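Please open the model in a viewer and keep the selection tool at hand.

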Amino acid sequence: MRKLHLVEARYIAYIVKWSLIAALIGVVAGVGAIILYDAIEFCDKVFLGYLAGYVDPTPAGEGGVSPLLPRNPILIPLVTALGGLLSGVLVYALAPEAEGDGMDAAIDAFHNRGGEIRSRVPIVKLAASAITIGSGGSAGREGPIAQVGAGFGSLLSEILRLKPHERRIAVVVGMGAGIGSIFRAPLGGALLAAEALYTNDFEVEVLPPAFIASVVGYLTFSYVKGWAPMFSCADAASPLDPVSILLYAALGVVSGLAGVAFVKSLHLVEETFRGFPIPKIFKPAIGGLIVGVIGAFFPQVLGTGYGWIQLVVDKRFEFIPASIIPVLVLLKILATSITIGSGGSGGLLAPSLVIGGFLGATTWLIFKAALPSIQTSLASLVIVGMTAFFGGVGKVPVAAIVMASEMTGDYALLAPSMVATSIAYVITGRNTMYRNQLRSKAESPAHRSEYLAQLEASIVEARSKQGRGNIET
């Protein structure tokens with residue numbers, strides 16, 4: 001009985017401890033998401049608004065602002081190059097770990113760095129990403145906030161003198177809390193924290209604290225920025241029938257193939273810029289200049305792109321002509337690869353959602369032209385395209401399905417999303433946009449001691465059985 005009480009007390013202490021840690025991480029992640037959101041908005045107004053006279057659209061949950069095309073398109077490349085230069089100076093002078101996608105850096109910290117992230121990294125990442133995205137770089141805000149949350153998890157672990165195993169958990173919990181906050185997707189953020197570490201596995205142990213942290217972060221962020229889902233999709237629900245299922249399956253195939261192209265494009269650009277014989281500090285400026293040239297003609301590729309997806313869902317083709325949507329798929333892939341591959345600071349999740357949304361719209365346009373009688377709505381294919389593409393290239397099918405539902409406030413498309421995302425996940429195979437993902441826990445240095453202990457135990461047991469067999473003989 002006494003042993004039972006000791007076990008119960010140990011579990012209670014564990015629950016209390018991690019509830020408090022998770023709640024604190026959630027609050028900081030939520031506040032960090034607010035700061036990042038406001039910083040990007042400020043940089044957007046200064047760089048694109050004031051200098052180039054361009055107002056990019058926003059989704060319904062963030063105001064639903066209509067676009068104002070660039071007053072001075074020729075200045076767009078100069079603005080994006082300036083943003084890349086300032087970002088490069090910040091990153092490479094203060095914290096080189098803040099380059100590229102922040103979520104991948106957090107994954108690397110879990111697997112290879114014992115959960116250690118320098119305290120300056122989240123601050124540099126936040127500032128550099130706000131400049132990159134606000135000046136028009138094709139990147140998202142989830143990577144930066146993932147690294148901010150993960151960085152605080154690492155700092156808190158140092159303050160509390162947590163064990164390395166616990167520090168790793170705190171880092172991943174912070175990553176999920178940041179994403180759950182800024183996307184107003186608490187369940188999706190928590191699931192992403194457990195799923196994003198591996199291409200074929202889950203880190204189940206992080207889920208309980210991740211649920212708490214993600215909810216607290218979501219409440220903190222939404223209390224200030226509002227509770228509405230990011231996208232408004234009134235026309236999303238469509239009747240399911242054999243034709244529509246085949247249509248969603250076709251979208252899954254297209255998303256998988258496009259996902260492979262995106263990953264290969266991203267890695268090719270990274271290797272190309274890595275080989276340039278110039279100081280790293282200038283490479284994001286060159287990337288920004290190239291993206292700016294594209295953006296001068298197609299401003300839809302600039303920034304996160306969420307507002308353009310909202311316009312597509314609403315069929316506001318006076319702002320985004322249907323004829324250019326297929327082209328935008330290719331250009332957004334190119335712009336994102338250049339922004340991140342050149343060393344620009346930002347995330348890959350947002351661009352992957354936008355690329356997927358454009359893919360869904362392209363699929364609808366093609367099938368609608370061939371079969372005018374189909375009942376599947378444009379909005380439904382845009383949402384499922386977002387889910388399938390991100391689930392495939394991020395190797396996070398479960399989190400992607402849930403996040404898309406939370407971001408739209410509509411769970412009617414769960415079944416179609418499951419069909420399309422599963423197909424895209426299989427087709428992308430080992431291609432992932434997160435270089436530091438591993439296949440399973442068996443490959444992670446974070447779990448090496450556990451597997452060695454299991455192996456030693458198996459050897460001891462085998463020898464013991466062999467010894468008993470010899471005695472019996």
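A contact here means heavy atoms within 4.5 Å. The model is a predicted one, and in it residues 24 or more positions apart account for 82% of the contacts with a separation of 6 or more.

**The whole chain**

Begin with everything displayed as a cartoon. The protein contains 17 helices and two strands. Its radius of gyration is 23 Å, close to the 23 Å that the globule rule gives for 473 residues, so the protein is as compact as a globular protein of that length. Along the principal axes, the C-alpha trace spans about 85 × 55 × 45 Å.

Of the 473 residues, 57% are buried.

**Helix α1 and a distance to draw**

Select Ile15, which lies in helix α1. Is this residue buried or exposed? With a relative accessibility of 53%, Ile15 counts as exposed, since the cut-off for that class is over 50%. Now draw a distance from the C-alpha atom of Ile15 to that of Ala106: the two atoms are separated by 25 Å, and the residues are 91 apart along the chain.

How many salt bridges does a search of the whole structure find? The search finds nine. For one of them, select Glu62 and Arg141, whose closest N and O atoms are 2.2 Å apart. Glu62 belongs to the loop between α1 (2-52) and α2 (76-94), and Arg141 to the loop between α4 (120-134) and α5 (142-160), so this pair ties together parts that are 79 residues apart in sequence. Both Glu62 and Arg141 are buried.

**A network around Arg435**

Move to Arg435 and display its side chain together with those of Glu270 and Glu271. These three residues are linked in a network of salt bridges. Between Arg435 and Glu270, the closest N and O atoms are 2.7 Å apart. Arg435 sits in the loop between α16 (414-428) and α17 (448-472), while Glu270 is in helix α9 (residues 242-274), so the pair ties together parts that are 165 residues apart in sequence.

The other link in view is the salt bridge of Glu271 with Arg435, where the closest N and O atoms are 4.0 Å apart. This pair also connects distant parts of the chain, with Glu271 in helix α9 and Arg435 in the loop between α16 and α17, 164 residues apart.

Glu270 has a relative accessibility of 14% and counts as buried, for which the cut-off is under 20%. Arg435, at 41%, counts as partly exposed. Glu271, at 47%, counts as partly exposed.

**A nonpolar patch**

Together, Val215, Leu219, Tyr223, Val224 and Trp227 make a nonpolar surface patch of about 550 Å². Trp227 is placed in the loop between α8 (207-225) and α9, and it is partly exposed, with a relative accessible area of 46%.

**Helix α6 and the residue that follows**

Select residues 164-182, which form helix α6. At 1.5 Å a residue, the 19 residues of α6 should span 27 Å, and the end C-alpha atoms are 28 Å apart, which agrees. To what extent is α6 enclosed by the rest of the structure? Because 17 of its 19 residues are buried, α6 is largely enclosed.

Just after α6, select Arg184, which takes a positive phi of about 50 degrees. That is a positive value in a residue other than glycine. Arg184 is located in the loop between α6 and α7 (186-195), and its relative accessibility of 4% places it among the buried residues.

**A last stop at Lys315**

Finally, select Lys315. Although this residue is not a glycine, it has a positive phi of about 60 degrees. Lys315 is found in the loop between α11 (306-313) and α12 (325-341). At 40% relative accessibility, Lys315 counts as partly exposed.

Terms used. Residues are numbered from 1 along each chain as its sequence is written. This is a predicted model: local features need pLDDT of at least 70, side-chain atom pairs count only at pLDDT 80 or more; totals for chains, interfaces and linings use all residues. Side-chain values use heavy atoms; hydrogens and water are left out. Helices (H or I, at least four residues) and strands (E, at least two) are DSSP runs, numbered from the N terminus. Buried means under 20% relative accessible area, exposed over 50%, partly exposed in between (1.4 Å probe, protein chains only). Patches are made of residues with over 30% relative accessible area and no salt bridge: like charges are joined within 9 Å, nonpolar side chains (Val, Leu, Ile, Met, Phe, Trp, Tyr) within 5 Å. Accessible areas come from the Shrake-Rupley method with a 1.4 Å probe; for residues, only the protein chains shown count as cover. The radius of gyration is taken over C-alpha atoms; the globule rule is 2.2 Å times the number of residues to the power 0.38. The expected span of a helix is 1.5 Å times one less than its number of residues.
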